[in-house]
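Subject: Structure handover

Hello,

I am passing this structure on to you. Please open it alongside this message and read the two together.

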Amino acid sequence: MENILKLHQLYVDSVLPTLLPGCGRHIVTTVKFRDTKLSLELGPEAFKGTRYDTKSKKFVHFTSLKALQSILNESSIRLYCLNNSNDPNEFKYFIKGKESILFENDQIKENTFTFSMCDEKVLRGNNALNLWRLYGDGGRGVAIIFEINLPENDFDKSYLGRVLYTKPDLDAFLQKNREFETENKIKVDYSDIIHVPACYHKNSHYKIEEEIRLMHYYYKGEMFAKYRGGNDKYLKDFNSRNEIVTYSKLNIGKLNKNYPSIYIKEIQIGFRHEEGSFLKIKKHFKLLMASMIKSSSWDVDEMPKISHSNLLEIYR
């Protein structure tokens with residue numbers, strides 16, 4: 001066991017920085033010797049200090065009024081299977097030209113669930129109008145500002161990071177990995193390491209999204225086993241293309257040491273609503289949230305703020 005831990009630390013120090021520059025020693029929390037291979041898994045703070053680091057805990061999710069109603073009714077957000085992405089090259093983009101390094105691409109995508117957001121600072125930036133138009137029902141929806149903290153343990157694999165709109169050069173990592181295997185006479189199963197950043201790279205054509213992604217990964221078909229067992233956190237739905245998709249739920253307003261803690265801090269109503277419409281919508285959601293707090297559906301100290309989008313002045 002002592003030798004395995006030494007190999008683990010050597011790999012973290014000498015190989016992983018070529019894949020995740022800036023990463024610290026906290027990056028890997030699980031190391032196993034499985035099927036004569038050294039197997040490593042990334043911990044929830046894998047992106048800390050790297051270019052994926054969000055450096056923030058507040059994020060905004062643009063969506064429709066109907067979706068907000070659903071979020072509040074269910075006291076949860078939905079993370080959809082990666083196969084539901086609007087980018088047909090999702091995940092594949094990262095490993096294009098190096099497909100042989102991962103052998104279960106489809107299974108990995110089926111077991112990976114994501115929730116898309118932006119840094120809340122975008123609400124005050126030049127791209128706010130585009131994001132409202134694309135994802136906030138053309139300015140008639142809402143912008144939900146969340147505060148999210150990852151769990152302190154690795155009971156479940158949760159990651160929170162900034163999506164990069166570049167294609168990485170994997171040659172340096174693969175070369176370092178080969179050198180490590182040769183020098184230490186051991187094979188390394190790095191599939192559980194490399195698939196995480198693979199979910200955080202997209203083509204530059206999607207750069208306008210400024211996406212920050214909350215990701216949940218369920219290992220080796222675990223999610224489908226739970227789904228078949230009737231766990232209501234793993235459900236089926238139809239997407240906009242009338243395809244059957246799987247989604248997972250994460251509770252909001254509840255502290256759970258094994259899962260991300262997710263709280264709604266503010267709701268901005270879209271700029272397309274006149275003052276009368278805004279006040280009516282505000283009253284509706286304020287009463288709904290008050291009843292949830294009263295019934296202990298949420299464990300919160302204060303009511304989320306409800307405001308009118310600051311783009312209202314532009315469209316008066």
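First, the ground rules. This is a predicted model, so local features need pLDDT of at least 70, side-chain atom pairs count only at pLDDT 80 or more, and totals for chains, interfaces and linings use all residues. Residues are numbered from 1 along each chain as its sequence is written, and side-chain values use heavy atoms, with hydrogens and water left out.

Confidence

pLDDT is the predictor's confidence in each residue, from 0 to 100. The chain averages 84. At least 70 is reached by 86% of the residues. Strand 3 has the highest confidence, at 98. Helix 8 (residues 222–228) has the lowest, at a mean of 43. Over residues 220–231 pLDDT stays under 50. For that stretch the model has 22 contacts beyond four places in sequence (contact means heavy atoms within 4.5 Å). Helices (H or I, at least four residues) and strands (E, at least two) are DSSP runs, numbered from the N terminus.

Which residues of helix 5 are buried? In this helix (residues 128–135), they are Ala128, Leu131 and Trp132. Buried means under 20% relative accessible area, exposed over 50%, and partly exposed in between (1.4 Å probe, protein chains only). Seen down the axis of helix 5, the buried residues fall within an arc of 100°, so they line one face. That arc is taken from the directions from the helix axis to the C-beta atoms. The buried residues pack against strand 3 (58–63), strand 5 (112–119), strand 6 (142–149) and strand 12 (261–269).

Val142 sits in strand 6 and is buried, at 0% relative accessible area. Its contacts beyond four places in sequence include His61, Phe62, Trp132 and Gln268. Gln268 belongs to strand 12. Gln268 is also buried, at 9%. Among its contacts, again leaving aside neighbours within four places, are Leu123, Trp132, Val142 and Asn310.

Positive phi

Asp137 is not a glycine, yet its phi is positive, about 55°. Asp137 lies in the loop between helix 5 and strand 6. It is partly exposed, at 45%. Phe91 is not a glycine either, and has a positive phi of about 80°. Its place is the loop between strand 4 (76–81) and helix 3 (92–95). Is Phe91 buried or exposed? Phe91 is buried, at 0% relative accessibility.

Salt bridges

How many salt bridges does a search of the whole structure find? There are nine (a side-chain nitrogen of Lys or Arg within 4 Å of a carboxyl oxygen of Asp or Glu).

Glu74 pairs with Lys249, the closest N and O atoms being 3.5 Å apart. Glu74 is in helix 2 (residues 65–74) and Lys249 in strand 11 (residues 244–251), so the pair links distant parts of the chain, 175 residues apart. Glu74 is partly exposed, at 28%. Lys249 is buried, at 18%.

Arg78 and Asp237 meet at 3.0 Å, N to O. Arg78 lies in strand 4 and Asp237 in strand 10 (residues 234–238), so the bridge ties together parts 159 residues apart in sequence.

Lys202 and Glu209 form a salt bridge at 3.1 Å, N to O. Both are buried. A salt-bridge network links Glu90, Lys202, Glu209, Glu211 and Arg213.

Best wishes
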